[in-house]
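Open your viewer and keep the selection tool ready. The stops below tell you what to pick next and what is there.

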Amino acid sequence: MAKARLFVSVPMKDRTSADIRESIKRLQYYAETVWDREFEVVSAYSNSEVPTDDVSKYPVFHLGNAIKLMSTCDYFIGVEYDFLYSGCNVERTVACEYGYKMLTVPIQYIMRPVEWAKHEKLLNEELTRRAGC
């Protein structure tokens, strides 16, 4: 039987390649444990060349590639509080709208403590803003 394909959505902004790869591995392990099956992992993370000199368009290019890759998958795993990361938020929305089997995990599960400390500050600021405090 062929392995099911799992799309893995992880925050990439301001993160190292090593941290991103480690997050992908952690989410794969989590998905395989919860769903009790092995997956072929599909991730949008790459170092592909962007066909524009406008740095502000790089995220859009990579998000477009991510959606193309997602179309080849049946399962999706991402992180909670993805609203802090616009690409992750769009990927989760697409997965939800198009009926993917999906999981989200607490974001601190995929980050090193030093990395999480920085992102926790952003999260608290955003939650406070949304609460109107």
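**Stop one: salt bridges**

Seven salt bridges are present in the structure; the term means a side-chain nitrogen of Lys or Arg within 4 Å of a carboxyl oxygen of Asp or Glu. This is a predicted model, in which local features need pLDDT of at least 70 and side-chain atom pairs count only at pLDDT 80 or more, while totals for chains, interfaces and linings use all residues. Residues are numbered from 1 along each chain as its sequence is written, and side-chain values use heavy atoms, with hydrogens and water left out.

Select E40 and R5. Their side chains form a salt bridge, 2.7 Å from N to O. E40 sits in strand β2 (residues 39–43) and R5 in strand β1 (residues 4–8), so this pair ties together parts that are 35 residues apart in sequence. Helices (H or I, at least four residues) and strands (E, at least two) are DSSP runs, numbered from the N terminus. E40 is partly exposed, at 37% relative accessible area. R5 is also partly exposed, at 23%. For these words, buried means under 20% relative accessible area, exposed means over 50%, and partly exposed is in between (1.4 Å probe, protein chains only).

Next, select R92 and D82. Here the salt bridge spans 2.5 Å, N to O. The pair links distant parts of the chain: R92 is in helix α3 (residues 86–97), and D82 is in the loop between β3 (75–79) and α3, 10 residues apart. Which of the two is buried? D82 is, at 6% relative accessibility. R92 is partly exposed, at 25%.

Now go to helix α4 (residues 113–131), and pick E126 and R129. They form a salt bridge, with the closest N and O atoms 2.6 Å apart. Both lie in that helix, three residues apart, about one turn. E126 is buried, with a relative accessible area of 16%. R129 counts as exposed, at 56%.

**Stop two: positive phi**

Select D36. Its phi is positive, about 55 degrees, although D36 is not a glycine. Find D36 in the loop between α1 (17–35) and β2. It is exposed, at 68% relative accessibility.

Move to Y81. Phi of Y81 is near 60 degrees, again a positive value in a residue other than glycine. Y81 lies in the loop between β3 and α3. It is partly exposed, with a relative accessible area of 35%.

**Stop three: the cores**

Select L6, V8, V10, L27, I77, I107 and I110. These have the most contacts inside the largest nonpolar core, which has 22 residues. A nonpolar core is a set of buried Ala, Val, Leu, Ile, Met, Phe, Trp, Tyr and Cys residues joined through side-chain atoms within 4.5 Å. Which elements give two or more residues to this core? They are β1, α1, β3, β4 (101–105) and α4. Helix α1 gives the most, with four residues.

Centre the view on V10. Leaving aside neighbours within four places in sequence, V10 is in contact (heavy atoms within 4.5 Å) with R15, I20, S23, I24, L27, C88 and I110.

Finish at a second, separate core of nine residues. Select V42, A66, M70 and F76, which are among its members.
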